[in-house]
Amino acid sequence: MLSINPRMLPRLDELEADLLARRQRAIDEGWRGEVEGLDLTLRFLRSKHAQAHRAAATWTVDLGMPTRPRPGR
């Protein structure tokens, strides 16, 4: 599964705006198949957008680098 970096949220917003404009043009031109394809793409994009928001809201913990004791100590 492709994970979206939360820093890419502005780019996802740009992509959504572009898809919505393309969808409106497809509606105006009567391209039903194109509208269905764009709707599907928008659904996936919005799912990734929500996933990125959830990832941004989760906390990460730095556990550090594990070390092994030196022999003879």
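Q: Is Ile4 buried or exposed, and what is its relative accessible area?
A: In this predicted model, Ile4 lies in the segment before helix H1, which covers residues 9–29. The cut-off for a buried residue is under 20% relative accessible area. Ile4 therefore counts as buried, with a relative accessible area of 17%.

Q: Which residues does Ile4 touch, not counting residues up to four places away in sequence?
A: Ile4 precedes helix H1. Contact requires heavy atoms within 4.5 Å. Not counting residues up to four places away in sequence, the residues touched by Ile4 are Leu12, Lys48 and Ala52.

Q: What distance separates the C-alpha atoms of Ile4 and His49?
A: Ile4 lies in the segment before helix H1, and His49 is found in helix H2, residues 32–57. The two residues are 45 apart along the chain. Their C-alpha atoms are separated by 7.9 Å.

Q: Does His49 count as buried or exposed, and at what relative accessibility?
A: His49 belongs to helix H2. Leaving out residues up to four places away in sequence, His49 touches Leu9, Leu12 and Asp13. A residue is buried when its relative accessible area is under 20%. His49 therefore counts as buried, at 16%.

Q: How far apart in space are Leu12 and Thr41, C-alpha to C-alpha?
A: Leu12 sits in helix H1. In sequence, Leu12 and Thr41 are 29 residues apart. In space, the C-alpha to C-alpha distance of this pair is 12 Å.

Q: Which residues are in contact with Leu42, leaving aside its neighbours within four places in sequence?
A: Leu42 is found in helix H2. This residue counts as buried, at 2% relative accessibility. With neighbours within four places in sequence left aside, the contacts of Leu42 are Glu16, Leu19, Leu20 and Arg23.

Q: What is the separation of the C-alpha atoms of Leu42 and Pro71?
A: Leu42 belongs to helix H2. Leu42 and Pro71 are 29 residues apart along the chain. Their C-alpha atoms are separated by 58 Å.

Q: With which residue does Arg11 form a salt bridge?
A: Arg11 counts as partly exposed, at 40% relative accessibility. The closest N and O atoms of the bridge are 3.1 Å apart, and the partner of Arg11 is Glu14.

Q: What is the N to O distance in the salt bridge of Asp18 and Arg22?
A: Asp18 and Arg22 are separated by about one helical turn because they are four residues apart in helix H1. Asp18 is partly exposed at 39% relative accessibility, and Arg22 is partly exposed at 42%. The N to O distance in their salt bridge is 4.0 Å.

Q: How many residues apart in sequence are the parts that the pair of Asp39 and Arg23 ties together?
A: The side chains of Asp39 and Arg23 meet in a salt bridge, 2.4 Å from N to O. Asp39 lies in helix H2 and Arg23 in helix H1, so the pair ties together parts of the chain separated in sequence by 16 residues.

Q: Are Asp39 and Arg23 buried or partly exposed?
A: The relative accessible area of Asp39 is 26%. The relative accessible area of Arg23 is 25%. Buried requires under 20% and exposed over 50%, so Asp39 and Arg23 are partly exposed.

Q: What radius of gyration does the protein have?
A: The protein has two helices and zero strands. Along its principal axes, the C-alpha trace spans about 80 × 20 × 15 Å. A compact globule of 73 residues would have a radius of gyration near 11 Å, whereas the protein has 21 Å.

Q: What percentage of the residues count as buried?
A: The accessible surface of the protein comes to about 6,500 Å², and carbon and sulfur atoms account for 56% of that surface. Of the 73 residues, the buried share is 18%.

Technical notes:
Residues numbered from 1 in each chain as written. Predicted model: local features only at pLDDT ≥ 70, side-chain atom pairs only at ≥ 80, totals over all residues. Heavy atoms only, no water. Rg over C-alpha atoms; globule rule 2.2 N^0.38 Å. Buried < 20%, exposed > 50% of the residue type's maximum accessible area, 1.4 Å probe, protein only. Areas by Shrake-Rupley, 256 points an atom, 1.4 Å probe, with all protein chains shown as cover.
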